[in-house]
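Subject: Structure handover

Hello,

Here is the structure for you to look over.

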Amino acid sequence: MILLVMVFLPIAAALVTFPVCRRSAKAGNALIIAVTALIFVLALSLLFGGDKAGGAAGFRGMGISFESGSLRTVMVVLAAFMWLMTALVSPEYFSGAERTERYFMFYLWTLGALLGVFLAADLLTLFIFFEMMSFTSYVWVVQNETPEAIRASETYLFIAVIGGLTMLMGIFLLYSAVGTLNLGEILARAGSMDMKRRLTVGICILIGFGAKAGMFPLHIWLPKAHPVAPAPASALLSGILTKSGIFGVIAVTCWLFEGVASWGNILLVPAVITMVLGAVMAVFSVDLKRTLACSSMSQIGFILTGISMCALLGGHGGIAAYGTVLHVLNHSLIKLTLFVAAGVVYLNVHSLNLNDIRGFGRGKPLLMLAFLSGACSIAGIPGFGGYISKTLLHESIAEYAELLAEQGLNAAPYHAAEWLFLLSGGLTLAYMARLFYILFIARKPEHQHRKEGRYMQTPTAAVLAIGGILMPLLGLTAHSSMDKIAEYAVEFFRRHPMEHSVHYFSPVNLKGAGISILIGCAVFALVGMKLLTKRGEAGEKYLDVWPKALDMENSFFRPLLKVLSFAGAVVARAVETAGAAVIYGAVDLMFAGAENEVCPPQDENFSGYVEKRERSSIQRSFSCDLLAAALGVSCILILVLVEIL
């Protein structure tokens, strides 16, 4: 019963939220906080013997089923915590804003959908709530209705639809092969599947989940959506919604490809590219939230690398599973803190451009310490939570490379992956050090906007303090806190807990962190402060030198869509012409030899073109949705054809 309440209470409350927020913003805020607090309490109850299973057996024939425990419960508690924290900062952020009732309705709706994803006991349930979450969270991206927001929301929806349809095709193929979508039963029957079909299913499902996670090359929505979305929404998009994709990748890897090392290699390639590319993009960004968005992409690459190593190490993959779980946790806390801090900056300066916000944090110790805590944690500085999870992930790569070397096999690709891991860690330190310098050390520009009164309210300060304290607290108590969390969650990975504890602060582990720190300092000094900074009498100017041609959305995906649209239009016109010839030919034959000419009545407006009008944001997005759906169906048909052949 608790599981059903947790999933459907936010959805039901969302319908009430809209009219309440329209009548009174204060009452709406109170309702939002009350609902998210109740969900957080229910989530905590799962840790102490709450419901283990639930569902609705008759829903749409196959029913929907939920299950708690292990990683599911960890993700539910994390999601509920993130929602409660963002609910506390939302009243200040949205004070005086328009259309907040719409945002808050979909805010709660998305919470219910996400909890449905994390508690799903089978892939059908997971798919239903995963797609619901994609469409409800779309409203967050388009909330401000600026041209940039509308364009970013189209991209977000396009990727979501393509990923969802491709994943659905994989689910169909899986069900036809094993006759079940229950995760436990899939594991028992997967061994009988043909490996070609198994990999086809896995890749289809990976595309769907990877699109939501921000995995290369489907990452294009992430750097565009975060800067235009409200800061509380960005914290959730980056901190927890991307983890729904990660949750799906873990499920597929550990419940469909148990013992299949080749799957780990397939996953490792996009994981490493995502990790490195996101960090490079963040170094060159001149927008605060875009930098944090690219950073999220890079950290998702770190997590995907851990999942791939979990597959490669097989039964010895406990260390990779620990690192994956803990980096999911750390990244969520980090991005909650950093995006809330970014929201504070935006509310005061009314800009996110680094040239406008430089020096804003001077004389603001709480903001500085919270931001510094997040920066140190994500950069893997010893003593912070991020260092613990990155150490485990790094050790998993090193352990697999050593295992291959002992067997006389080629370990060079994995040594290369290890160095790219350390390089990405160094780049992370470089862009976070640059942000910290710009915000808290650089000289303020004369034109910087200044907000009257306090620069942030008490609830926002409390959320920053909680996030800032948790990261070093977890890092300094790793064995008694983080190890216990990972041990509880590792069952979902079908891995045993680590037989021995890792000495996080041993010289060999500190060496890896030291290499990344040295790389980061060099990149910060030579690239961040030299190549990307121009000094003048008015102060420093931060340059945007990232080549526009490297924007994959504009240089690849949108041109590809135009080509496919044109090809589809040509085919449709050919079919229409052939159909018209058949129909009118039949009419001519029917009336051949008639004394008087017979003309069927025609409606002039039935297929006539109407005057072109300016489309609203909803129509623009719907047209994009239809186009994406058509492309997705085409991809599905191609995959079916490949599978049959």
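The model is predicted. Cysteines come first. The count of disulfides is 0. C21 is buried, with a relative accessibility of 8%. C294 is buried as well, at 0%.

Now the aromatics. There are 27 aromatic pairs. Take Y103 and Y107: their ring centres lie 5.8 Å apart. The planes meet at 35°, so this pair is tilted rather than stacked, a label that needs planes under 30 degrees apart. Both residues sit in helix α4 (residues 100-119). They are 4 residues apart there, which means a separation of about one helical turn. Y103 is buried, at 0% relative accessible area. Y107 is buried too, with a value of 0%.

A second pair joins Y387 and F505. Y387 is buried, at 1% relative accessible area, whereas F505 is partly exposed, at 43%.

There is also an aromatic cluster. W83, Y93, F94, Y103, F104, Y107 and W140 make it up.

Last, the charges. Which rings does K364 lie over? The charged end of K364 sits over the ring of F360, 4.4 Å from the ring centre. K364 also lies over the face of Y455, at 5.4 Å from that ring's centre.

Best wishes

Note on methods: Residues numbered from 1 in each chain as written. Predicted model: local features only at pLDDT ≥ 70, side-chain atom pairs only at ≥ 80, totals over all residues. Heavy atoms only, no water. Disulfide = S-S within 2.5 Å. Buried < 20%, exposed > 50% of the residue type's maximum accessible area, 1.4 Å probe, protein only. Phe/Tyr/Trp six-rings, centres within 6.5 Å; stacked < 30°, edge-to-face > 60°. Helix = DSSP H or I, 4+ residues; strand = E, 2+ residues; numbered from the N terminus. Lys NZ or Arg CZ within 6 Å of the ring centre and 35° of its normal.
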